[in-house]
Amino acid sequence: MKIYKIFLLLALAVITGCSDDFLDRQPLDSINTENYPATADELVTIVNGAYQPMQRPKLYNMRMWTTDIIAGNSIVGAGGGTDGIETTNMANFVTSTDNAGALDLWRGPWPGILMSNIVLDVAPTIEIDEDIRDRSMGEAYFLRAHYYNILATFFGDVPLVTVPQSSDDDLLPERDPVEEVYAQVINDLIAAAELLPQKSAYNGENLGRVPKAAAYGLLAKVHLSLGNWQEAADAATEVENLGYALNDNYADNFSIDNENGVESIFEVQYTDDAGEDFWSDDNQSSWTSPFMGPRGANFVAGGYGWNQPTEEFVNSYEEGDQRKDATILYEGGPDFDGKEYDSDYSQTGYNVRKFLVPLSEVSAYDNSPLNFPVLRYADILLVKAEALNELGRTDEAEDYLNMVRNRAGLDDIVQGLGQEEFKEAVLHERRIELAFEGQRWLDLIRVNNGQYGLDFLHSIGKNNASEKHLLFPIPQIELDRNPNLSQNPGY
């Protein structure tokens, strides 16, 4: 059962403005403390509300996976004209301050941050079962950290608000230094890891809630981004000790029959029978299959033709890599649900396969229940490989890289690579293993202070990419409404 299919009216009573215009008035909205949750059920309802923004198009139902387009793995494709023009502009590095994609990524996390702040503010004050209190606070610490990590990654300095805002507070905050934001993220994740249960504690309607390993996993990734190699390796080891494993079949990570499986650390939950308008924030079915399905091919319900892989990306697969057939639709490749793929279905000759749900399983475009992976064990193995290599322990790091390669049907990496060569091998492996999961852009901008990304983008002809594009612009509409905000350099 999907844990946050229904977001109860209580949460709407607590918050004044939790719809699409949540941030139209202020970067943070106000709350009515008279309607604070007072029981365990009410507290859990607010926790569920803190998860919900991840489901929306502003984050994992669209904008997060479209960062692979910006990173050069794919093009928008779609229907031409202005369809996806904001993503095309971002991918061509002509992003302006009124770009709709940047606005979505800026606004997407804030409702979840507010919900998390409410939980952390009220949970210690109400008389409820200690296990529910600890779990709820652990979830809120993780979710707040996760949302702030998204904001810091894309925008750098952002307002750091860790308590619910009332009408008496300053609702026009300045941006805080990104170093302070990351310090808060790290502290929140450490607190979450102490409070959260293991994944095995969740079943039934609670399956899909944040487990302890998610806190350690995100902590490992944050430390990796900051160059804290030992801390990244240590956090990855904590995940390793919690009993996760790789699926034998890579494709099982993207099957509606294997959601929240042995490799899954945390995934955004979606559902069929979502019960809301497909295009609204309240919709809780997945956009990946209808959006990425080949246009006009009748492969999936919908089939809007988005996110078409480039030839350069497809050619980057090693011979015999089993992930290619699980990730890419290409002419001459395996049939999809009994249908042959034609290269004319795409502008590039390719479509994404890994997130497609066949018509034989889901017949309505607005009814896909396919979850979206946020943290997989393979990701953490590669984090540990990279961190160990940076610590000069390349021989040990090979074991972690080879676990991922071997699952893909590939031989062990060549032994004896130098530190830089091994780093390149890990980054290549991350590109292939995590393709179209919204990870590639994050890798491009974190390595060598973003120079790795700029060098790669220039190598594939994206010569407009410059240092300023390593961060997105603060949306002009937010600058107009909050004069205390400042713009990122170069915009």
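Predicted model: local features only at pLDDT ≥ 70, side-chain atom pairs only at ≥ 80, totals over all residues.
Helix α5, spanning residues 100-107, packs against helix α7, spanning residues 130-155, with the axes 9 Å apart and at an angle of about 145 degrees. On the α5 side, the residues in contact are Ala-102, Leu-105 and Trp-106, and these meet Leu-151, Phe-154 and Phe-155 of α7. The residues of this contact comprise six nonpolar ones, with no polar and no charged residue among them.

Aromatic rings come next. A pair of aromatic rings is described by the distance of the centres and the angle of the planes. With pairing defined by ring centres within 6.5 Å, the count comes to 31 aromatic pairs. One of these is formed by Tyr-51 and Phe-266, whose ring centres are 6.4 Å apart; the planes meet at 45 degrees, so the pair counts as tilted. This pair links distant parts of the chain, since Tyr-51 belongs to helix α2 (residues 40-51) and Phe-266 to strand β2 (residues 264-268), 215 residues apart. Tyr-51 and Phe-266 are both buried. Elsewhere, ring pairs join Trp-65, Phe-278, Trp-279, Trp-287, Phe-291, Tyr-304, Trp-306 and Tyr-365 into a cluster.

Lys-324 lies over the face of Tyr-330, at 4.6 Å from the ring centre. In a second case, Arg-440 lies over the face of Phe-456, with 4.7 Å to the ring centre.

Phe-456 leads on to helix α18 (residues 451-459), where the buried residues include Phe-456 along with Tyr-452, Gly-453, Leu-454 and Leu-457. Among the elements that cover the buried residues of α18 are α3 (63-70), α12 (311-314), α16 (419-433) and α17 (440-446). After α18 comes Gly-461, with a positive phi near 90 degrees.

Helix α3, one of the elements covering α18, deserves a look of its own. Eight of the eight residues of α3 are buried, so this helix is largely enclosed by the rest of the structure. The buried residues are Arg-63, Met-64, Trp-65, Thr-66, Thr-67, Asp-68, Ile-69 and Ile-70; of these, Trp-65 also takes part in the ring cluster described above. Helix α3 is followed by Gly-72, whose phi is positive and near 90 degrees.

Positive phi values also turn up away from glycine. Most residues other than glycine have a negative phi. Phe-93, however, has a positive phi of about 60 degrees. Phe-93 sits in the loop between α4 (85-91) and α5, and its relative accessibility of 5% makes it a buried residue. The loop between α10 (229-240) and β2 holds Asn-260, which counts as buried at 13% relative accessibility.

Another asparagine, Asn-389, lies in helix α14 (residues 377-390). Asn-389 is buried, with a relative accessible area of 1%. The side chain of Asn-389 makes a polar contact of 2.6 Å with the side chain of Thr-394. Leaving out residues up to four places away in sequence, Asn-389 touches Thr-394, Ala-397, Gln-419, Phe-422 and Lys-423.

Asp-129 is placed in the loop between α6 (110-122) and α7, and at 46% relative accessibility it counts as partly exposed. A polar atom of the Asp-129 side chain lies 2.9 Å from the backbone nitrogen of Asp-131.

Tyr-317 is located in the loop between α12 and α13 (323-327) and is buried, with a relative accessible area of 9%. The C-alpha atoms of Tyr-317 and Ile-432 are separated by 7.2 Å, although the two residues are 115 residues apart along the chain. Ile-432 is also one of the contacts of Tyr-317 beyond four places in sequence, together with Arg-323, Lys-324, Thr-327 and Ile-328. Lys-324 is the residue already noted over the face of Tyr-330.

Note on methods. Residues numbered from 1 in each chain as written. Heavy atoms only, no water. Axes fitted to C-alpha atoms, helices over the stretch in contact; angles between N-to-C directions. Helix = DSSP H or I, 4+ residues; strand = E, 2+ residues; numbered from the N terminus. Contact = heavy atoms within 4.5 Å. Nonpolar A, V, L, I, M, F, W, Y, C, P; charged D, E, K, R; others polar. Phe/Tyr/Trp six-rings, centres within 6.5 Å; stacked < 30°, edge-to-face > 60°. Buried < 20%, exposed > 50% of the residue type's maximum accessible area, 1.4 Å probe, protein only. Lys NZ or Arg CZ within 6 Å of the ring centre and 35° of its normal. Polar contact = N/O pair within 3.5 Å; in protein donor to acceptor, adjacent residues only side chain to side chain.
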